[in-house]
Amino acid sequence: MTLFVSVLRKMQKRTKILLTLIGLLPISICVAAGIGAYQILPWRIPEILFFREDGFAVLVHVRFPRVILSAAVGAMLAISGATLQGIFRNPLADPGLIGVTAGAGLGATLWIVLIGGGALGVWGLPIAAFGCGILVTIGVWKIAEEQGRVRTLTLLLAGIALNSFAGAGIGLMTFLADDEQLRSLTFWLLGGFGGATWHVVFVTLPIAAIGLLVLSRQAAALNAMSLGESEAYHLGVSTETLKRWAVFGVALTVGAAVSAAGGIGFVGLVVPHLLRLLGGADHRYVLPGSAVGGAILLVSADLFSRTVVAPAELPVGIVTALIGGPFFLWLLLKFKREVFL
Amino acid sequence: MIELEEVGYRIGKNWLVRDINVTIEKGTLWGIVGPNGAGKSTLLRLISGELLPTTGEIRLLDKPIHKYEPKELARLRAYLQQKRDLNFPFTTLEIVLFGRHPYLNGTKETTTDLLIAKEALRQVEADMFAERLYPTLSGGEASRVDIARILTQAPDLFLLDEPTNHLDPRHQVQILNLCKTVCDGGKTVITAIHDLNLASMYADQLLLLKEGIPIACGPPEVVLTLDQLSETYGIPFEVLSHPDGYPWVMPSLNTS
């Protein structure tokens, strides 16, 4: 009987963690939407929205698109990180491993330096980034594919190879850029939500929804996968289908995230880790938990990035690394024995 | 239960196994014996459906093995791997519950699944570390947990790749007794095994492989003969008769 009690307790603990995170998300969104040059008390937000009181314009046109976008991007990056960690069976895998981040970065820098940031209006840059990110991932997949099968190790190595190619391209563009291009390039590569508008939100949200749905459906198969690919097959998982959906979902979400907000590191690595330390490794809990946790983390990081040196803004990628690094280190030291590297 | 017809498997120009013709009856315990690199694991992986044979055909319940869906197949046969590694902090019980994956369709485990897993852990005397993190277990403990996992999978056919590795004599005997019980319950067990005496004690039928080619096939007293063993392993053997009736095999010190 004790076994049942402890299993039940563990399930309850996970449910509790998930519910807490889900409860914290709207709170963090409201707090972040309220803070800024024009202060709005979070609990007054519904009232302001309903009666169109003072601050309505700030909330609707400035704060909400930005906060919602940062939540979506955080969710996409974190769930992608958790998924790739499961596929590669390595808790240190990063959503950039399959080339989509570097590819998108390359697309963006090519666009800024060779074509000019202004072409095609606000859409040129994100489309170039998204397209190039997807293209590089398709390249990684095709290189790793052999007679309809993809070996995980080859996928990883092809990812590393194309990542370094894309990195070289980004370096070359940086070298060729003039001062102004260099500035927008750097800012883009470090990531930020300064350009958030409803248009961007409306394009990003459906992609996020599809991606999160696709990825969270792979959770049970990823559990079996953590024992190894052939073990997963013996447990009834169609491993090729799993890999295809996982890479598709990750390319889609990370491509969209990077296009909307530039390269934001650390979210995809640190959030799944935190979830595992809190409630164990079951992907059916880690994937949704990472999505919500990533959203909260990035909403908070963006709030920090636009308030700490106001009226200027720090790139949010610096903030995630700045908070994430020491936090991760603390986790490692505290739970040393339970973390497997 | 399973028929292998002219089965061969080749990588490049090397045949890892070839000319395998075996019919395995329901409820028997088969041992696959032979030196390192003889193709024992390859043969098991072919039977499991993981590898596609280059030549010939493998039929499980009269249906070619590659015609099964992975999930359907996973309810019929389970496979115990030789080496395993896990980088995530799953508990032992969670690992055992993975055995229920082919039955779940993405839903949560029920109380029944939990009961099955618990019973399997008890059968391999591993229930006391159900709550421990799997990566912290010793090699022998992890082996027993893996066996509990495939018991939880509740298949008709068990494919075991050296299940007694890393185990002390008590747990070796315990696992093979378990295999015997499973067979008496109408299930079929095929196990690769290095220990010829354990194979002799427990197996109903043996298949002796050398460089992928079957040397002998049949009950232990037919397979474990002095000539065949010396030819296969390239060293002299002593073959005695154990008081209980089965062949008792020792490598011989006499090298002449």
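In chain B, strand E1 (residues 2-11) and strand E4 (residues 55-60) run antiparallel and are joined by five bridges. Strands here are DSSP runs of E with at least two residues, helices are runs of H or I with at least four, and both are numbered from the N terminus. This is a predicted model, in which local features need pLDDT of at least 70, side-chain atom pairs count only at pLDDT 80 or more, and totals for chains, interfaces and linings use all residues. Residues are numbered from 1 along each chain as its sequence is written, with chains lettered from A and ligands numbered from 1 in the order in which they are written.

**Sheet**
- Leu4(B) stands opposite Ile58(B) in E4(B).
- The order E2-E1-E4-E5 describes an open sheet of four strands in chain B with antiparallel pairing, where two strands pair if DSSP finds at least two bridges between them.
- Strand E2 (14-24) and strand E5 (63-64) of chain B are the edge strands, each pairing on one side only.

**Chain B overall**
- Chain B has 10 helices and 12 strands.
- Along its principal axes, the C-alpha trace of chain B spans about 60 × 40 × 35 Å.
- Of its 256 residues, 46% count as buried, meaning that 20 or more other C-beta atoms, placed from the backbone, lie within 10 Å of the residue's own.

**Contact with chain A**
- Chain B gives 29 residues to the contact and chain A gives 27 residues; residues are in contact if their C-beta atoms, placed from the backbone, lie within 7 Å.
- H2(B) gives the most to the chain B side, with four residues.

Technical notes
Contact = placed C-beta atoms within 7 Å. Buried ≥ 20, exposed ≤ 12 C-beta atoms within 10 Å, placed from the backbone.
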